[in-house]
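Trainee: I have just opened this one and would like to understand the terms used for it. Could we go through them together?

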Amino acid sequence: THEAREGQRGRMDAAALLDGLRGEMSILKEHLADAETLRVRQSEYYEESRADLEKARGEVIQMRETGNELRERNGALEVLLVDAKAEPMKLLGQIEELMRQMDHLRGQVRKAEGELDMLRRERDRLKGQLSE
């Protein structure tokens, strides 16, 4: 009968529609699996990138600290260099002062030697007078 054919055609259409929906659902599941795989890869890449960034930040901080330490050390060395340059000048001043003192002492020694010579001559003269 007509109604039976219509029912059979309806069932066939429904079955075809159901098969089509199952195919689309299968495709959607594949897309969902691909999307999940992509999400996992992106998450892993994000974590690796974040770890690399943290490592780079640590290296930058270390480099800054090293730079600061080097600047401090350089400053200390500059102070030592200034002191080292000043030391020879200070020593030269002390040497010059000692040389002046030695010259003064030499003058006093010459004067004392002159007085000693004069006293010896006076002694010799007095001895000569006594022996006469």
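Mentor: Gladly! Let's start with charge: Lys and Arg count as positive and Asp and Glu as negative, while His and the chain ends are not counted. The place of a charge is taken as NZ of Lys, CZ of Arg, CG of Asp or CD of Glu. On that basis the protein has 24 positive and 29 negative side chains, and the centres of the two sets lie 7 Å apart.
Mentor: Please keep in mind that this is a predicted model, where local features need pLDDT of at least 70, side-chain atom pairs count only at pLDDT 80 or more, and totals for chains, interfaces and linings use all residues. Residues are numbered from 1 along each chain as its sequence is written, and side-chain values use heavy atoms, with hydrogens and water left out.

Trainee: How many helices and strands are there in the protein?
Mentor: One helix and zero strands. Both are DSSP runs, numbered from the N terminus: helices are H or I with at least four residues, strands E with at least two. Helix 1 covers residues 2–131.

Trainee: Why is the contact of Arg57 with Glu54 called a salt bridge?
Mentor: The term asks for a side-chain nitrogen of Lys or Arg within 4 Å of a carboxyl oxygen of Asp or Glu. Here the closest N and O atoms are 2.8 Å apart, so the pair qualifies. Arg57 and Glu54 are three residues apart in helix 1, which means about one helical turn separates them.

Trainee: What makes Arg120 and Asp117 a salt bridge?
Mentor: Their N to O distance is 3.6 Å, so this pair also meets the cut-off. The structure holds nine salt bridges, including one between Arg106 and Asp103 at 2.8 Å.

Trainee: What percentage of the residues count as buried?
Mentor: Of the 132 residues, 1%.

Terms used. Buried means under 20% relative accessible area, exposed over 50%, partly exposed in between (1.4 Å probe, protein chains only).
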